[in-house]
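Me: Hi! Could you walk me through this one while I have it open?

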Amino acid sequence: MSTGSRKTGLGRDDLDGGKKKQKSAGAGRVAASDWDSLRAMMLPTGFGGSAKGKKRSWLDAADVGEASPAPAEEEAAVVEDSAASEEAAASSSEAPPAAAAEKSADSDDDAEDEDDDEDERHTFPTTHEVHLKAHSKAVTALSLDPAGGRLVTGSSDYCIKQWDFAGMDASLRPFRSFEPVAGQQVVDVQWSTTGDTYLAAPHSVQPRQYDRDGKLLKEFAKGDMYIRDPRHTDGHTAAVTAVRWHPTKRDTFATAGADSTIRVWDTAKPRKNAHVIVFKHGTGARGAAAKVAVTALAYSRDGQWLAGGAADGSVRVWKAGGPYAAPVYTIANAHAADCAVAALEFGVDPLTLYSRGDGDDATVKRWNLKTAAAKGPEATHTDAPVSPLTGGNLALSPADGYLALGLASGRVRILDAAKLTVAAEVELDASLGAAGKVFWHPRIHQLLIATAAGPVAVLYHETASVRGVKLCITRAPRAKRVDEELDAILMERAGAALAEGLKPGRVIQVHGRIGKKQTEHLRGEAKKKPMVPERGKLAASLGGGSIYSGPASDAPMDRDVDPREAILKYAEVAAKDPYWIAPAYKATQPEPVLAKDVLEPDEVNRVIADEDRQRVKHRRT
């Protein structure tokens, strides 16, 4: 685990105080403008004054804590205020009351939005940094459940890991790790809107659904790759590239694939997709539409629109409920023709769409779907490269005023969502490598960033962020129980016993619980210095029974003694008192015939050749 803190130039208390003053001042101005007309018609001219035509009214002065006007100055102010009130009454009689009220309400909303954006900007979750280290390769997918309690990550090491912030301690270890498909990296994961299940897309044709504990619930159908029309297949015929839950229908989700289709699924019917959207590209051979991989997918927040981005740089939008025959909006040249669309994200307004280009395009664009085809993007941000190891996405802030994205340079950049200008930029630890996909959770106000080196970086604000990783970084690791150390103790004991020398018939106990006294004894055995075997007696020290142990290994070998003669000298003893043959079978055993002479290999070959010549000569005669 590694943590760090980042300095900010302005404190939250200062910001909150300034925000309260602005709101109170705005409320005073609204109240003064609303009461001016009533005061002119119903109250005496000396009963208070109007703020119009003055730099600061009496009400404003009192609100900001300034001294009240002196009695001598108050009389002059009354005369000026009476004239101003008559002017205000005349203007109010000319302007329609509904228009004035609407204008006042709009100005109030704009002021509050500016205040919220300013407050959000100075509470970016970038002051502290924590690393979750578990993956051995680049993290390619991550998602946090709606409550902000459980994190799911996928990686190029083929594993999915699950983290529970409420149950973790400062060691920051995942509670579950598994491979959804052996040897296939995890492309995408996403929690459902209810937080009870999540979808995973390994680099295969079948998306999978798991429960909160990582148990496989359903594996959805795959299509027949030999059917040319993808609309007639039950599932994808090429790898799934993205998965997205429907924001309002808990049993519906969509998948994008490299087979040029977007498929809508019902979790109750995993054996066949509910709808198929064919993403056609230009004109191929003989005038037929060519296929292009769908690389990005997004639902609007109200569930009204479904958008898809392709490898040819185009973006198309359909009604989420159908029909799917033709897209409602098409942006043919959203990004460069040879650069895929890396990510799509809808704004709060369902007609506002953000897109990010991959490869050499490296741009982020804001679109108004109604005017995108004719006028192009409303705003464009350049120099936002996507790492090929981790991929990239776009993450809106909780108040939807800012957009976060990871860069291939190892930085996290925060953009103004309206103008796509840089609002802040954070440089991660150099050991993490490139920054990939980013998740900005709206409830706990924390940023989670996938990295190319394997860890997941978590950025949070000291005061504005709540729960999440802050629950576990201060929690001391739990002391291990004795039974949890069983495996380590047994391995130590086996190693010590092997070093001391195993004896025939000695058995090591490997089952059952171990008490405190026995644990201390075993630890003491493991700390003993192992015996070093003497040279030439290794086998004997290990308790073996080979011919190399014992006195035979110590006796020098006589190279001059013929092995055959050494064995035949026992032939007479064996014939008189056979050890391996029972006396009952002694009379029936055949007499062994042994070679009288031992021939060298050359002599054997010569003898065989002579016998062959004699045999041939005999046949001729």
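Reply: Four strands form an open sheet with antiparallel pairing, in the order β3-β4-β5-β6. Strands here are DSSP E runs of at least two residues, numbered from the N terminus, and two of them pair if DSSP finds at least two bridges between them. β3 (139-144) and β6 (176-178) are the edge strands with a single partner strand each, so one side of each has no neighbour in the sheet.

Me: What's the average twist from one strand to the next?

Reply: The twist averages 15°, taken between lines fitted to C-alpha atoms, with angles running from 0 to 180 degrees between N-to-C directions.

Me: Before I go on, what should I know about the model and its numbering?

Reply: This is a predicted model, in which local features need pLDDT of at least 70 and side-chain atom pairs count only at pLDDT 80 or more, while totals for chains, interfaces and linings use all residues. Residues are numbered from 1 along each chain as its sequence is written, and side-chain values use heavy atoms, with hydrogens and water left out.

Me: Thanks! How many bridges join β4 to β5?

Reply: Five bridges link β4 (residues 150-155) with β5 (residues 160-164), and the two run antiparallel. Threonine 153 faces lysine 161 in β5.

Me: And where is tyrosine 158?

Reply: Tyrosine 158 lies in the loop between β4 and β5. Its relative accessible area is 30%, so tyrosine 158 is partly exposed; buried means under 20% and exposed over 50%, using a 1.4 Å probe and protein chains only.

Me: What does tyrosine 158 contact beyond its neighbours within four places in sequence?

Reply: Its contacts (heavy atoms within 4.5 Å) include Lys137, Phe178, Glu179 and Pro180.

Me: Changing topic: which strand holds glutamate 425?

Reply: Glutamate 425 sits in β28 (residues 422-427), and is partly exposed at 34% relative accessibility.
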